[in-house]
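Work through the exercises below with the sequence and the structure open beside you, and try each task before reading its solution.

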Amino acid sequence: MFRTFRRLQCAMPLASMPGPNIQNLMEFYQKFPNQGTRARDWGLALNKAYGDVVHIPSPQTGGDQVIAFHPVDIENIMRKEGKYPIGAASLLFMFNYYNQKHGNTGNVGNSQGEEWRRLRSALQKNFFGPKDAASYLPLITPAASDAIGCIGSFSSDLNQFMSLTTYDMMNAVMFGEGLHLASGHGKCDAKDFEFVEHARNTFKAMTRLFSDPKQTGLFFEKPESSEAYIEFESNFSACLARGEYHLENFMAALEKSSSSSPLRDTYIAKKIADKDLTKEEFVSNILGFLFAGVDTTANTLQWIVYQLAAHPQAQAKLRSTVTELLQGGDLTAEAWNKLSYLRFVFKETNRVTPAVDGTIRVLPADYTLRGYNVPAGTMIMLNPSPYHKSTDIWGDDASQWNPERWDRAAQKEAKTEASQNQKHSEYQLDPSFQSSPFLVMPFSKGPRMCLGARLSECEMAAICTRLVQDYEFRLADDSPTPEIDTTGGLARPVPQPKYVFTPMKNKN
């Protein structure tokens, strides 16, 4: 206790931490007027200008913010989360206001303290663990196969294809069957296509509320005076309304079903049987899963397909390993455990083109960060993206996409090499950081990590294993080279690449 007090006493005030003043901050915004690049380039520019810890004055929100970039700092901060971590979802002010305005209660993302712990414990049962997620593969793979059969029709619009397909797979997990939106094989409702568009627009409006000082200021003066908030509320309400429609229909069908019905294998049926949530809590979180599970997985899948198309040798290797295991069949839980190369592909894609740059935490007590006192309750943004392509960590080919670097033998060699060099500080960069779980973390880490992380990986694996078995694919001759665009809050390739998908049966 005394040592902690002395350490805090000696720490410099937060205001003296490197970072832009209000005038400099506005200049930084003006350097990145394009909403599509601001979120990522803005952070990288701040890191280059001010270093690994940056103080951001935030008069609109009534509290200063801190950005921590180095994986050592990120790990140390996350280890100080306390019994009841405060994560990114609970700090989304537009969701908090929306839920308060509309009387929505019991959502795990917005909850704190013991209520959060209870909700988290209830929701992750039959959902969060690797075996739990893999248990839904019999529901996921039919939806994936149905969609992949028509991917050629979306060769110039993979963004739409992946959004429709991930929504299909999430519906299969929740309600027992996909909606066939990509293939059109079923009776498709226009409102489900609109759901996907509303989800995208919700993320876009969220990004504006975070990154546009004018919209942020208007929100905190009067939420309804912010054009971005009005857009957010309209689109998010439409998503919830469609989710409620499907949930009501499923509940009616489940009530009439027999005990051996496949509907009993869905997550919702299992959650109802647990009887550990109130009706309001149940509805709020199921609808939240439907909304959150669309664009995040879809954006990562777009980058995976792009990288595999741009690297035919990696695509061939993946096809060989998948075909050897599955022999043309759909992904199984047993096979998923053995597909190490596919996991390398996922990790490398998240390193080079992560869907999100990091996460947010708020610590329950004052914390000394690089000699500066960060008061309890300060929003700390954890953003390791400047180190995703560090040559000190990854070598001279750091900017290149290479799944092989995640092989355990390669990482062991990197650690051995690093151990032979004298290290003057824990912050000194070397290849040993390759294995840090706080460097590439698409789903965050710790008790507040994404509930759907393992399910998302199973969905991506179902799509990729079906795709490489059914098609050989490449970039079209006139395909543009995409850049990372974060207009919608998540990184996606823009302009969209163009592809040529050749069915494997035509190759024989």
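**Exercise 1: a pocket lining**

Task: determine which helices each supply at least two residues of the lining of the second largest pocket.

Solution: Helix H7 (130-134), helix H17 (333-336), helix H18 (340-352) and helix H21 (453-470) each supply at least two lining residues, where helices are DSSP runs of H or I with at least four residues, numbered from the N terminus. The model is a predicted one, in which local features need pLDDT of at least 70 and side-chain atom pairs count only at pLDDT 80 or more, while totals for chains, interfaces and linings use all residues. Residues are numbered from 1 along each chain as its sequence is written, and side-chain values use heavy atoms, with hydrogens and water left out.

Next, H21 gives the largest share of this lining, 5 residues. The pocket is an open set of points on a 1 Å grid over the protein atoms alone, with protein on both sides within 12 Å along at least five of seven lines, and lining residues have an atom within 4 Å of a point. Its volume is about 780 Å³, a volume being the space filled by probe spheres set on the points, which are joined across faces, edges and corners. Of its 29 lining residues, Arg-343, Lys-347, Lys-445, Arg-454 and Glu-457 are the closest to the centre.

Finally, the lining sorts into 16 nonpolar, 7 polar and 6 charged residues, with Ala, Val, Leu, Ile, Met, Phe, Trp, Tyr, Cys and Pro counted as nonpolar, Asp, Glu, Lys and Arg as charged, and the others, Gly among them, as polar.

**Exercise 2: the largest cavity**

Task: find which helix gives the largest share of the lining of the largest cavity.

Solution: A cavity is a set of grid points where a 1.4 Å probe fits but cannot get out, and there are 3 cavities of 30 Å³ or more. The largest cavity holds about 90 Å³ of space, and its lining includes Asn-159, Arg-200, Asp-295 and Arg-492. Helix H9 (158-175), helix H10 (190-211) and helix H15 (295-310) each give two or more residues to that lining, and H15 has the largest share, 4 residues. The classes are 2 nonpolar, 5 polar and 4 charged.

**Exercise 3: the second largest cavity**

Task: state how the lining of the second largest cavity divides into nonpolar, polar and charged residues.

Solution: This cavity has a volume of about 50 Å³, and among the residues lining it are Asn-350, Asp-357, His-388 and Met-441. The division is 7 nonpolar, 3 polar and 1 charged.
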